[in-house]
Amino acid sequence: MSRWVEKRTRSVLPVYFAGAVWLLAGLVLPLYSLWALAATAVVSAAVWLVTRRLCPDRITRMEMPFMTGREDVDAMLESVQQKLADLHRLDEAIPDTGLSASIRRMETAGRSILAEVEAHPEKAPQIRRFANYYLPDAVRILELYARLEGQDVQGGNAASVRREVETNAASIATAFENQLDSLFAADALDLSADLEVLNGMLRGQGLAGSDFAQKPEEQ
């Protein structure tokens, strides 16, 4: 998820003060003399050290939404995060408990999708349609519903919109959960293959299934 990164910037004032020492020394001392050069260098270094302590580094905190190493993926994840924040806001604004439950399912699935793709940026292509169409459309539809509710709009069309949204919200939430599940399809195949190889090795050593359970008794 988003995180804060600290950036340290050194003050340039110590350099300016140290340089000013050389300028002043050039006006009052014969810098062509070795003793004058040495004295000026010592004073300049002392001024630099003192002003360095008096003028500490400036630390600024910058929000870095995502750092997957791929700018296009970071931008997409940031957009998804903003839309999920909109879902959360809409959940708080819509009083209908059934619809609110569906919105929470959407948000939960969406945040899990976000976390999975952030951890595995190579999965980003699998959620582009979700990020560019499904999620924004769901937010747009719910915003329309919330506006109708907030303005207490009456009439056949408004009532029809409300019923459509209430009827389909659970289906949209299920689609979000299916999108999350699809991200683990390749992992499930890899796991099945690994288990099959492991079982084959165990069978080869006589350790699979009941053979493994009987081994201690044979000893």
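Predicted model: local features only at pLDDT ≥ 70, side-chain atom pairs only at ≥ 80, totals over all residues.
Trainee: How many helices and strands does the protein chain have, and what makes a stretch count as one?

Mentor: The chain has eight helices and two strands, where helices (H or I, at least four residues) and strands (E, at least two) are DSSP runs numbered from the N terminus. Read from the N terminus, the order of the elements is β-α-α-β-α-α-α-α-α-α.

Trainee: Why is Val-21 called buried?

Mentor: Buried means under 20% relative accessible area, with exposed over 50% and partly exposed in between (1.4 Å probe, protein chains only); Val-21 has a relative accessibility of 14%, and therefore counts as buried. Val-21 sits in helix H1 (residues 13-28) and, leaving aside neighbours within four places in sequence, is in contact (heavy atoms within 4.5 Å) with Thr-40, Val-43, Ser-44 and Val-47. Val-21 and Val-43 are 22 residues apart in sequence, and their C-alpha atoms are 7.3 Å apart in space.

Trainee: Is Asp-74 buried or exposed, and in which helix does Asp-74 lie?

Mentor: Asp-74 lies in helix H3, and its relative accessible area of 15% is the reason why Asp-74 is buried. Leaving aside neighbours within four places in sequence, the contacts of Asp-74 are Phe-66, Met-67, Thr-68 and Gly-69. Over the whole chain, buried residues make up 28% of the 219 residues.

Trainee: What makes a group of residues a nonpolar core, and how many residues has the largest one?

Mentor: A nonpolar core is a set of buried Ala, Val, Leu, Ile, Met, Phe, Trp, Tyr and Cys residues joined through side-chain atoms within 4.5 Å, and the largest one has 32 residues, with Leu-87 and Leu-142 having the most contacts inside it. At least two residues of this core come from each of helix H3 (71-93), helix H4 (97-119), helix H5 (128-150) and helix H6 (156-182), and H5 gives the largest share, eight residues.

Trainee: Why are H3 and H5 called roughly parallel?

Mentor: Axes are lines fitted to C-alpha atoms, for helices over the stretch in contact, and angles run from 0 to 180 degrees between N-to-C directions; angles under 35 degrees count as roughly parallel, over 145 as roughly antiparallel, 65 to 115 as roughly perpendicular and the rest as oblique. H3 and H5 pack at about 20 degrees, with their axes 10 Å apart, and are therefore roughly parallel to each other. Among the residues making the contact are Met-76, Leu-84 and Leu-87 of H3 and Leu-135, Val-139 and Leu-142 of H5.

Trainee: Why are H4 and H5, in turn, called roughly antiparallel?

Mentor: The angle between H4 and H5 is about 155 degrees, with their axes 13 Å apart, and the two helices are therefore roughly antiparallel to each other. The contact is made by Leu-99, Ile-103, Met-106, Gly-110 and Ile-113 of H4 and Phe-130, Ala-138, Leu-142 and Tyr-145 of H5.

How values were computed
Residues numbered from 1 in each chain as written. Heavy atoms only, no water.
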